[in-house]
Amino acid sequence: MKRLFIKTYGCQMNVYDSARMADLLAPLGFTATETAADADMVILNTCHIREKAAEKVYSELGKLKRLKEARAKDGGRMVIAVAGCVAQAEGKEIIARQPAVDIVVGPQSYQRLPEMIAKISRGTGHALETEFPAEDKFDTLPAPAAHGATTAFLTVQEGCDKFCTFCVVPYTRGAEFSRPVAQILAEAKGLADSGVREITLLGQNVNAYCGTGPDGNAWSLAKLIEALAKIDRLQRLRFVTSHPRDMSEDLIAAHRDIPQLMPYLHLPVQAGSDTILAAMNRGHTAADYLKLVDRIRAARPDIALSGDFIVGFPGETDADFKATLDLVKQVEYAQAYSFKYSPRPGTPAAAIARQVPEEVKEARLAELQALLTAQQKAFNASCAGRTFPVLFENPGRKAGQAVGRSPYLQPVHVEDALSLIGSIVDVRIEAVLSNSLKGVLVSSREKALAH
Ligand code: 5AD
Ligand code: SF4
C-alpha cells in the first residue's frame with residue numbers, strides 16, 4: 001500500500017484532473033492521504049494564471065524537498081511530481097530550479113503517469129511530459145470512481161482559442177477541444193448511478209463546446225445539456241466558465257426551458273472600458289455585454305450573475321477604471337472574483353510598456369471589491385424570507401446540521417437535516433450571514449406552526 005497526497009491549486013478543472021489522477025493511480029496501490037508528511041508520492045497540481053499562484057508552488061516544493069530528505073535518511077523514498085499549468089508552462093526549468101522534483105507532467109499527459117512513475121522507480125532520473133500527445137487523455141483515463149458525493153465536476157471542454165492578451169491558458173491548455181457527446185453522457189450516467197445529483201460541466205471556454213454527437217454532427221453546449229437533463233436522478237446542471245462571445249441563443253433559451261439547469265451564470269467581462277476590452281482582445285464591447293445580460297435576464301429573470309474582473313491592465317486610466325465600476329453598477333452581480341493584473345511571461349500584454357503602478361492597482365482593486373461585496377450582500381439579503389430548493393451535500397460544523405446549496409450557489413445551513421444529504425428539499429431562508437444563508441426545512445416549520 002502506497003500513500004498519495006495531491007495538492008490542488010487554481011481552477012475547478014484542476015480539481016477534476018486531481019480526482020482523475022487519484023483514480024488512475026488507485027490500481028497501482030496508491031490510496032489518498034491527508035498530509036504530504038506521510039505520503040510516498042506527492043503531486044502538486046499547479047496553476048499559472050497569476051504570478052502569485054505560480055510562486056506558491058516553489059515555496060511548497062522547498063518544504064517537500066526537506067520532507068523528502070528526511071525520508072531518505074530513514075531509508076525511505078518520496079516521489080515528487082509537478083502537474084498542471086506550471087508544469088506545462090515551465091517544463092524542465094522546474095527541475096533546474098528544484099532538483100528534488102522527480103516528475104513534471106502537463107495537463108494533457110496525465111494518462112502517462114503510471115509509466116512515468118515506473119521509470120522513476122527504476123532509477124534516479126527525472127521524467128518529463130509536456131507535449132500535447134496525439135492520444136486523447138480522456139480515452140485513456142479510467143471512468144471516475146464512485147466516491148459517494150452528491151455533486152461532481154465533469155470536464156467537457158479544454159483549451160482556448162480566444163487569446164486574450166493577458167492570459168496564459170491558450171499556451172498551458174492548448175487549443176479548444178471538446179469531448180465527444182457519448183463519452184460525456186456515459187460519464188454523467190455513471191456519476192448519477194453512484195449518487196451524484198448535480199453535475200457542473202467544466203471548460204476553459206465551456207460555452208464554446210462543440211463535441212461530436214452520436215448523429216455525427218457537432219453539438220452545442222445547449223444540446224448537450226438537453227441530453228444530460230434526460231438522465232434519471234440527475235437533478236441539477238451547471239456550467240463554467242463562459243465567454244460572452246459564445247453565449248449563443250440556444251444556450252440562453254436553455255436557461256428558460258430546462259428546469260435542471262440552475263439559474264446561475266458565471267460570465268466574466270474583465271473590464272468595462274472599450275479601449276481596455278479591445279487591448280485585451282476580448283472581441284466584445286461593454287455595450288455588447290450589457291445587451292447580452294439583458295437577453296439572458298429576459299429568458300431567465302431570476303438568474304444570478306457572477307463575473308471575473310482585472311484591474312490595472314496596462315494602459316488602464318482612471319476613466320477606464322471608472323467604466324468598470326459603472327458596468328458593475330449596471331449589471332448588479334450576485335458574486336464575483338477580481339484580480340490585479342499580473343504580467344505573465346510570453347503573453348502580449350506583458351510586453352506593453354505602460355504598466356500600471358502596483359499602488360494604483362491596489363487602490364482600484366480595493367474600490368472594486370468594496371462595490372462587488374456590497375452587491376453580493378444585497379443579493380444575499382434579498383433572499384431572506386424566500387423558500388428555495390436546497391441540495392444537501394455535507395454535514396455542517398454543528399451536530400445534526402447539514403449544508404447544501406441554493407439554486408444560486410449560496411451555501412445554506414440547516415439544523416436537523418443530516419439525513420437529507422443527497423436530496424433536494426425546500427428550505428425557508430431565515431438569516432443571511434456574511435457568506436452563507438441559514439434556513440429551516442419548510443416541512444418542519446409548517447409542523448411547528450401547526451402546533
Ligand atoms: N492577471 C490577473 N488576472 C488574470 N486572469 C487571467 N489572467 C490574468 C492575469 N494575467 C483572471 C481573469 C480570468 C480569471 C480566471 O483569472 O479574470 O477570468
Ligand atoms: Fe490556472 Fe488556468 Fe491552468 Fe486553471 S487552466 S489551473 S486557472 S492557469
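## Accessibility and basis of the model

Buried means under 20% relative accessible area, exposed over 50%, and partly exposed in between, with a 1.4 Å probe and protein chains only. By this scale Phe-177 is partly exposed, with a relative accessible area of 34%, whereas Phe-138 is buried at 6%.

This is a predicted model, in which local features need pLDDT of at least 70 and side-chain atom pairs count only at pLDDT 80 or more, while totals for chains, interfaces and linings use all residues. Residues are numbered from 1 along each chain as its sequence is written, chains are lettered from A and ligands numbered from 1 in the order in which they are written, and side-chain values use heavy atoms, with hydrogens and water left out.

## Aromatic pairs

The rings of Phe-138 and Phe-177 are stacked, because their centres are 6.5 Å apart and their planes at 5 degrees. Phe-138 belongs to helix α6 (residues 137-140) and Phe-177 to strand β9 (residues 177-178), so the pair ties together parts that are 39 residues apart in sequence; helices (H or I, at least four residues) and strands (E, at least two) are DSSP runs, numbered from the N terminus.

The rings of Phe-309 and Tyr-333, with centres 5.3 Å apart and planes at 90 degrees, form an edge-to-face pair. This pair links Phe-309 in strand β13 (residues 304-311) with Tyr-333 in the loop between α13 (318-331) and β14, 24 residues apart, and both residues are buried. Elsewhere, Phe-379, Phe-388 and Tyr-408 form one aromatic cluster.

## Nonpolar cores

A nonpolar core is a set of buried Ala, Val, Leu, Ile, Met, Phe, Trp, Tyr and Cys residues joined through side-chain atoms within 4.5 Å. The largest has 70 residues, and those with the most contacts inside it are Leu-201, Phe-239 and Tyr-333. Helix α12 (residues 286-299) supplies the largest share of this core, seven residues. A second, separate core of 23 residues includes Cys-47, Ala-53, Leu-61 and Ala-87.

## Arg-354

Arg-354 is found in the loop between β14 (335-340) and α14 (358-381), and it counts as exposed at 61% relative accessibility. Its C-alpha atom is separated by 5.3 Å from that of Pro-314, 40 residues apart along the chain. Not counting residues up to four places away in sequence, Arg-354 touches Pro-314 and Gly-315, where contact means heavy atoms within 4.5 Å.

Methods. Phe/Tyr/Trp six-rings, centres within 6.5 Å; stacked < 30°, edge-to-face > 60°.
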